[in-house]
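Student: Can you walk me through this model? I'd like to start with the aromatic rings.

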Amino acid sequence: GSEELISGISVTRLMATADTEPGGSEESSLQSEESLRRSEELRMRPTGPVSSWETELTSIKHSLKFVVKLKEEFVCPVCKGVVLNPQQNSCGHIYCFHCLQGLLESSSPSSPVCPVDGHVITPAEVFQDNCCKREISSLDVYCTNSPSCTSVLTLNHLQKHLKLCQFEQLQCSNPGCSATLERRHLQEHLSNTCPHRTEPCTHCRQPQQLSLLQDHVRISCPDVEVNCPNSCSQKVRRHMVTEHRESCPEVLIDCSYKKFGCSVQEKRGRMKLHEDAAVSHHMLLVLRSNTNLEHQMGVLQEEALLRQQDVQTNTILLAGLQNKIRPLLQQSINHEHIVSTVQRTLSREENTLSTVQLDIRQESGGPGCGLEELEQLRSSLDAVMQQVSSAEALREHLGTLEENLKRHSGLLDFHAAQLNHNMQHLQELKTTSYDGKLIWKIQDFSKKQAAEAKGQPPCLTSVPFHTGRCGYKMAIKAYLNGDGEGRGNHLSLYVVLMPGDFDALLLWPFRQTVCLSILDQSGAGNHRSLSFRPDPMSKSFQRPAADAVSNVAVGFSCFIPLNKIETPQNAAYIVDETLFVKVKVDMSGLEQL
């Protein structure tokens with residue numbers, strides 16, 4: 001309550017005084033105790049909180065104009081304004097709650113006095129004058145915005161009126177605007193005249209501050225139509241300028257026969273004239289390229305023939321090595337049997353030798369030892385030693401045979417691995433294409449699909465293909481049972497870039513459009529195809545690391561639902577458990593080394 005607040009202020013002030021004057025007189029001490037007592041009495045007296053309308057009128061009470069002149073008793077002797085939340089002292093004078101509070105704070109702790117008659121203000125005797133409060137609140141007052149506003153209302157309703165008064169002065173709420181206007185004009189200012197208001201861009205409809213709207217349209221609005229940067233006659237939206245370059249007639253492009261040797265560069269709009277005028281020259285280039293390809297194919301066929309001859313030679317050599325190893329293996333088995341027998345004999349002879357040595361010691365110690373028996377024992381001992389020597393010789397011979405066997409086995413494994421590598425390389429040479437196209441034949445579709453569902457293997461990979469003799473090396477990956485989002489219900493097809501022999505000479509990242517298809521075997525030509533254009537920022541289209549198998553695959557996890565492969569309409573994708581997958585790389589603009 002109000003009295004509790006006054007008491008708190010008085011107590012704090014008295015405590016501060018006591019702390020700063022530790023050596024004060026006994027009279028000061030008694031005064032402090034008296035003030036504390038009075039403050040405590042004031043704190044214990046209940047009183048209501050300050051009314052909100054009175055608090056809000058505090059800042060404007062000196063500008064209030066009453067219809068009837070304000071009585072002197074309703075004027076605060078401290079602030080000289082109308083009394084708000086009146087507090088009466090024992091002397092009969094009333095004060096504003098906040099004025100009395102300030103008076104107590106600024107006066108001596110023992111003697112705050114009334115500014116009218118000098119009567120001592122005793123906090124315990126101060127009370128809220130509710131009767132006076134009711135009279136003051138019902139006084140008629142003019143609106144503070146008079147004479148523009150002619151309203152007359154009671155004092156306790158003034159603040160509520162000011163919150164709706166059309167003549168009240170208000171600050172513009174737009175950031176950066178310092179204008180002050182009457183409430184009745186504020187909405188018009190906010191919506192139509194304020195230079196800091198927000199307006200939607202007429203092109204992109206995004207809200208923009210009016211002062212920045214012209215710069216937005218001139219510099220950054222994505223939907224503003226601008227002149228083509230290549231000076232063609234078209235106007236395009238700012239965010240489509242890059243896309244427009246792909247069709248702009250003023251952009252310089254290479255002749256589509258560049259891969260055959262034509263070096264002409266011309267604007268796109270005039271390239272058709274060049275191609276029409278140079279048909280004969282282009283045909284000669286194509287024929288020359290075909291001749292080179294035929295020569296290269298001849299070289300490849302000769303290389304494949306040499307590889308095949310190497311394979312045949314290696315096969316014969318392998319068969320010869322196998323024939324040599326068979327008797328060695330049999331001989332090794334026989335020697336192992338002999339060694340086993342010798343070891344058993346040696347064990348028996350060692351036991352006999354031990355017995356003989358024991359008998360010799362016994363006979364040597366006994367009287368009348370027979371010489372003949374001694375000679376027989378020596379003979380037996382010599383025989384045993386001879387057998388032991390023979391067993392050791394057999395053991396060394398067996399060790400030599402085992403080393404020979406290991407050497408021949410290693411040589412056999414080496415030739416087998418070389419043969420397998422040559423066969424794989426030969427198979428790759430037979431199936432590799434160099435025109436950016438590959439048709440991949442996948443047989444035993446259902447069997448491989450069931451194995452893939454069990455994770456054996458997780459996917460299939462085609463033989464590599466190239467975009468030229470010295471071009472990009474690529475392959476197809478297929479998940480017959482689906483991958484990612486298509487797992488279990490779609491066929492998934494991907495393309496991967498692989499390390500090639502000529503990667504250092506090629507342009508990176510890879511930018512050519514790639515088309516993947518499954519082929520209709522019914523003859524109706526209802527092939528299913530999907531294409532994608534590489535994202536130059538993706539790592540999948542950067543140069544593959546030399547020690548990597550391939551880059552990350554890119555393609556379609558949901559290429560086609562499995563039920564549309566098995567039971568398609570007007571097509572036959574799987575015939576005799578065989579599916580044909582085709583990949584085609586767009587070679588336009590791709591320079592051949």
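**Rings in the model**

Student: Is F532 buried or exposed?

Tutor: F532 counts as buried, because its relative accessibility is 13%. Buried means under 20% relative accessible area, exposed over 50%, and partly exposed in between, with a 1.4 Å probe and protein chains only. This is a predicted model, where local features need pLDDT of at least 70, side-chain atom pairs need 80 or more, and totals for chains, interfaces and linings use all residues. Residues are numbered from 1 along each chain as its sequence is written, and side-chain values use heavy atoms, without hydrogens and water.

Student: And F556, what's its relative accessible area?

Tutor: F556 has 17%, so F556 is buried too.

Student: New topic. How many aromatic pairs are there?

Tutor: The count comes to seven aromatic pairs. Rings of Phe, Tyr and Trp (its six-membered ring) pair if their centres lie within 6.5 Å; planes under 30 degrees apart are stacked, over 60 edge-to-face, the rest tilted.

Student: Let's take Y472 and W508. Why is that pair edge-to-face?

Tutor: The planes of Y472 and W508 stand at 90°, so the pair is edge-to-face. The two ring centres are 5.1 Å apart.

Student: Where do Y472 and W508 lie?

Tutor: Both are in loops. Y472 is in the one between β17 (465-466) and β18 (473-479). W508 is in the one between β19 (490-498) and β20 (514-518). The two parts are 36 residues apart in sequence, so the pair ties them together. Strands are DSSP runs of E, at least two residues, numbered from the N terminus.

Student: Is Y472 buried or exposed?

Tutor: Y472 counts as buried, because its relative accessibility is 4%.

Student: What does W508 count as?

Tutor: W508 is at 22% relative accessibility, so W508 counts as partly exposed.

Student: Back to F532 and F556. What kind of aromatic pair do they form?

Tutor: Theirs is edge-to-face. The rings are 5.9 Å apart, centre to centre, and the angle between the planes is 65°.

Student: Which strands are F532 and F556 in?

Tutor: F532 sits in strand β21 (residues 528-532). F556 sits in strand β22 (residues 554-561).

Student: Which residues do ring pairs link into a cluster?

Tutor: There are F532 and F556 again, along with F541 and F559. Ring pairs link these residues into a cluster.

Key. Helix = DSSP H or I, 4+ residues; strand = E, 2+ residues; numbered from the N terminus.
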